[in-house]
Amino acid sequence: MINEATLVIGEQSFQFPICEGTEGERAIDIQDLRARTGYITLDPGYGNTGSCQSAITFIDGEKGILRYRGIPIEQFEQNPNFVEVAWLLIFGHLPSEQEYRAFSADLTASANLDESMKHHFEGFPRSAPPMAILSAMINALSCFHPECFELEDEEHFRVAAAGLISKVRTIAAYAYRHSIGQPYIYPDPALRYVPNFLHMLFSQPYAEHFCEPVVRDAINLVLLLHADHEQNCSTSTVRMVGSSQANLFAACAAGVCALWGPLHGGANVAVLEMLDRIHRGHISPEEYVRMAKDKDSKVRLMGFGHRVYKNFDPRARMLATVAERLLPTLGFNDPLLDIARRLEEIALEDPYFVERKLYPNVDFYSGIIMRAVGIPTNMFTVLFSIGRLPGWIAHWWEQSCTTGSKIARPRQIYTGAGITDHVPRDGR
Ligand code: ACO
């Protein structure tokens, strides 16, 4: 087996060790490249750069494989349970009955926000993007829980993690209620994670929202399918911020901002907007795909393509199945689902998409499911954040526990002006 790589620069050659992951992924360890050669690597977008070693999630993008702590993602389809997956990702094993009960009890106990936090929501305009509120309020949360600044041991961390996973729902629901001018609904300790969230979103003081089991399962699945995806943009952001030893809440607030973008978590909104544009504009799916292939049109087929998957995103398959099952059960006849199906059919047979290995990603069907259960479009990325939070927490903790972790500090190749004299304003 090859365990060294040789780099030849001019007359000199240098040996670098090769490290191998448990699934056979191989990397050339260049940690001392610059010290030994004077060179750095240049990899914009980090497509070839391993920023860490991690034991949380495995992806094989060529084969369309996703595993959480070794468990294939498809195995979470039966009786989907987001809380159990959160525990698994963060603590590395499926929770025992006792661990599960204790964690659920922690989630229930910490669902309320400090009462004075409610006033923060009123400071935002009703039209404020909920992702801005979510990020700001996760950061603000740390002010009410100063213990999170010093997480001394696993027990303190567990309480902080449960608090964050629980309260993020309350923040998300309050942001929504504020945006529509309706009273905040307190969490109900009798309800489980997903029904409680939907209760805070949709109940009225005089009319309790009832969560159908089929909806509970669909949202559990949506959340758990988003729970981790190794070193994506937002998780790398959480690790980057955490590498400066910033606290868990600050790092996760930064993760929300990274997720907001339309090329990342914001794509689920972009997909729905695209489907709606096609529907309202009476554009045929064939015509839209043609526009997506035309580089001058600046149109992309949103929900298609992925930096890592060059095959079907397994999450997209699972969500497509849920959408097909859920919508008829709810009696929801959505023309956007028909358009999505047709776009998928056309794109999967079109040489442009086939050659570039562009397949539906997780965002392609998630929006249709959320829309069917009444979640407004501007809350889609917020739900993605709630789902991704356990992954961010797991990565923050893994990094914090790694001996010798360094502050993240990439380098650059400077391409600006050479040394230039300052000219006083009256001489310019
Ligand atoms: N529609 C049309 N063409 C596309 C699409 C698309 N959705 N995605 C990629 N391409 C084309 C590019 O134009 C490029 O073509 P070229 O080689 O002729 O220049 C080629 O495919 C490669 O595209 P890149 O942008 O280089 O691929 P990259 O891996 O950097 O980007 C990304 C991946 C950002 C996800 C991209 O596929 C995209 O913009 N998709 C639409 C947005 C989306 O769905 N994002 C969600 C991603 S999943 C997530 O974050 C949870």
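This is a predicted model: local features need pLDDT of at least 70, side-chain atom pairs count only at pLDDT 80 or more; totals for chains, interfaces and linings use all residues.
A polar side-chain atom of His264 lies 3.0 Å from an oxygen atom of the ligand. The shell around the ligand holds 20 residues, and β2 pairs in the antiparallel sense with β1 and runs antiparallel to β3.

**Ligand surroundings**

- Lys295 places a polar side-chain atom 2.8 Å from an oxygen atom of the ligand.
- In the side chain of Arg307, an N or O atom is 2.8 Å from an oxygen atom of the ligand.
- The protein buries 76% of the 920 Å² that the ligand exposes when taken alone.
- Of the 20 surrounding residues, the closest are Lys295, Arg300, Leu301, Arg307 and Tyr352.
- By class, the shell residues comprise 10 nonpolar, five polar and five charged.

**Strands β1 and β2**

- Six bridges connect β1, residues 4–9, with β2, residues 12–20, in an antiparallel pairing.
- Within this pairing, Glu4 is placed opposite Pro17 of β2.
- The hairpin of β1 and β2 has two residues between the strands, and Gly10 adopts a positive phi near 60 degrees there.

**Strands β2 and β3**

- Strand β3 spans residues 26–28 and is joined to β2 by three bridges, the two strands running antiparallel.
- Opposite Cys19 stands Ala27 in β3.
- Five residues separate the strands in the hairpin of β2 and β3, where Gly24 has a positive phi near 85 degrees.

Methods. Residues are numbered from 1 along each chain as its sequence is written. Side-chain values use heavy atoms; hydrogens and water are left out. Two strands pair if DSSP finds at least two bridges between them. Helices (H or I, at least four residues) and strands (E, at least two) are DSSP runs, numbered from the N terminus. A residue is near a molecule or strand if one of its heavy atoms lies within 4 Å of it. A polar contact is a pair of N or O atoms within 3.5 Å; within protein, one must be able to donate a hydrogen and the other to accept it, and residues adjacent in sequence count only if both atoms are side-chain atoms. Accessible areas come from the Shrake-Rupley method with a 1.4 Å probe; for residues, only the protein chains shown count as cover. Ala, Val, Leu, Ile, Met, Phe, Trp, Tyr, Cys and Pro count as nonpolar, Asp, Glu, Lys and Arg as charged, and the others, Gly among them, as polar.
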